[in-house]
Amino acid sequence: MQKTAFQEASREQVSLLAPIEKKCLIWLAWRTPRWINSDHLTALGLAALLGAGLSYWYSRFHRMGLLLVIVFLALNWLGDSLDGTLARVRRRQRPRYGFYVDHVVDAFGTFFLLGGLALSGYMSAGVAMGLLIAYFMLSIEVYLATYTIGTFHLSFWKLSPTELRILLMIANVALLYRPVVRLAGGEYLLCDIGGVIGIIGMAAMLITSVVKHTAALYRAEPLP
C-alpha cells in the first residue's frame with residue numbers, strides 16, 4: 001500500500017462527562033499492563049457489544065439478561081474509550097489505522113446491539129431498524145465532515161457514547177420493573193418510546209449538522 005500524507009482531524013469532545021472521563025482514562029492508561037495494547041482493547045469493545053446483543057436476545061427468555069447487558073456495556077466503555085487513550089499515552093498512535101478500525105468496529109457493534117434489542121421482545125423490530133438507520137446516517141455525516149472540514153465530532157448536544165451507555169443502563173433497570181407503559185390512553189413498550197425519541201433526536205442532530213457544515217463549506221469555497 002502506497003503511503004500518502006495524512007492530516008489527522010482535530011477531535012471535538014464537549015459532552016457532559018468528558019472532563020471526568022478524560023482524567024479517568026488517562027489514569028487507567030498509565031496503569032494498564034504492558035502486555036495489553038490498543039488492539040486488545042478494541043477487540044474487547046467489539047466482543048462486549050456482541051455480548052450485549054446476545055444478552056438482549058437471552059432476556060427474551062430470562063429477564064436477568066438485562067443485567068448482563070449492563071456488564072457488557074461497561075466492558076464496551078472500557079475497550080472502546082481506553083484504546084485511543086492508551087495509544088496516545090504510550091505514543092503508539094496509528095491515525096489512519098485507528099480511525100478506520102475504530103469506526104468499522106462501531107458499525108458492527110451497533111448492529112449487534114440493536115439486533116439483539118430487536119430480538120429481545122422489549123423493542124419492536126421496526127423501531128430498532130429505524131434507530132440503526134438513523135445512527136448510520138448520522139455516522140456518515142460525521143465521517144464526511146471529518147474529511148472535508150477536518151474536525152471529528154465525538155459528541156452532539158453534550159451527549160457522547162458514554163452518556164448514551166449510561167442512559168441505556170438506566171433503561172435496562174427500568175425494564176426489570178416496567179417494560180410496558182401507558183401513554184395517551186394506550187400501552188407501549190418502554191423501549192419503543194425511548195427508541196422513537198432517539199430517532200427524532202438523531203434526525204435533528206443530522207439536519208442541524210448538515211445545514212451547519214454545508215453553509216461552512218459554501219463560505220469556505222466561494223466561486224470566483
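## Terms and model

A nonpolar core is a set of buried Ala, Val, Leu, Ile, Met, Phe, Trp, Tyr and Cys residues joined through side-chain atoms within 4.5 Å, where buried means under 20% relative accessible area, exposed means over 50%, and partly exposed lies in between (1.4 Å probe, protein chains only). The structure discussed here is a predicted model, in which local features need pLDDT of at least 70 and side-chain atom pairs count only at pLDDT 80 or more, while totals for chains, interfaces and linings use all residues. Residues are numbered from 1 along each chain as its sequence is written, and side-chain values use heavy atoms, with hydrogens and water left out.

## Overall layout

The chain contains seven helices and four strands, where helices (H or I, at least four residues) and strands (E, at least two) are DSSP runs numbered from the N terminus. Read from the N terminus, the order of these elements is β-α-α-α-α-α-β-α-β-β-α.

Of the 224 residues in the chain, 37% are buried. The chain exposes about 14,000 Å², and carbon and sulfur atoms supply 70% of that area; accessible areas come from the Shrake-Rupley method with a 1.4 Å probe, and for residues only the protein chains shown count as cover. Among contacts (heavy atoms within 4.5 Å) between residues at least 6 apart in sequence, 79% join residues at least 24 apart.

In soluble globular proteins, nonpolar side chains tend to be buried together. The largest nonpolar core in this model has 23 residues, and those with the most contacts inside it are Tyr 56, Leu 66, Leu 113, Leu 117, Met 123 and Cys 191. Helix 2 (38-59), helix 3 (65-89), helix 4 (95-120), helix 5 (125-149), helix 6 (161-177) and helix 7 each supply at least two residues of this core, and the largest share, six residues, comes from helix 5. A second, separate core has seven residues, including Leu 25, Ile 36, Trp 77 and Leu 86.

Which residues does Leu 113 contact, leaving aside its neighbours within four places in sequence? They are Leu 49, Ala 52, Gly 53, Tyr 56, Leu 73 and Leu 168.

## Helix 2 and Leu 49

Helix 2 has 22 residues and reaches 31 Å from its first C-alpha to its last, close to the 32 Å expected at 1.5 Å a residue, where the expected span is 1.5 Å times one less than the number of residues. Among its buried residues are Gly 45, Ala 48, Leu 49, Ala 52, Gly 53 and Tyr 56, and the buried residues of helix 2 pack against helix 3, helix 4 and helix 6.

Leu 49, which is found in helix 2, is buried, with a relative accessible area of 11%. Not counting residues up to four places away in sequence, Leu 49 touches Leu 73, Asn 76, Gly 109, Thr 110, Phe 112 and Leu 113. The C-alpha atoms of Leu 49 and Phe 112 are separated by 6.4 Å, although these residues are 63 residues apart along the chain.

## Helix 7 and the cysteines

The 31 residues of helix 7 (residues 190-220) should span 45 Å at 1.5 Å a residue, and the end C-alpha atoms are 45 Å apart, which agrees. The buried residues of helix 7 include Cys 191, Gly 195, Met 202 and His 213.

Cys 191 is buried, with a relative accessible area of 11%, whereas Cys 24 is partly exposed, with a relative accessible area of 33%. The structure holds zero disulfides, a disulfide being counted as a pair of cysteine sulfur atoms within 2.5 Å.

## Salt bridges

Side chains of opposite charge can pair when their charged atoms come close. How many salt bridges are there? The count comes to three, with a salt bridge taken as a side-chain nitrogen of Lys or Arg within 4 Å of a carboxyl oxygen of Asp or Glu.

Arg 94 forms a salt bridge with Asp 39, their closest N and O atoms being 3.4 Å apart; this pair links distant parts of the chain, with Arg 94 in the loop between helix 3 and helix 4 and Asp 39 in helix 2, 55 residues apart. Asp 39 is partly exposed, with a relative accessible area of 34%. Asp 80 forms a salt bridge with Arg 165, with 2.9 Å between the closest N and O atoms, and this pair also joins distant parts of the chain, Asp 80 in helix 3 and Arg 165 in helix 6, 85 residues apart. Arg 165 is buried, with a relative accessible area of 9%. Glu 187 and Arg 182 meet in a salt bridge at 3.6 Å, N to O, and both of these residues are exposed.
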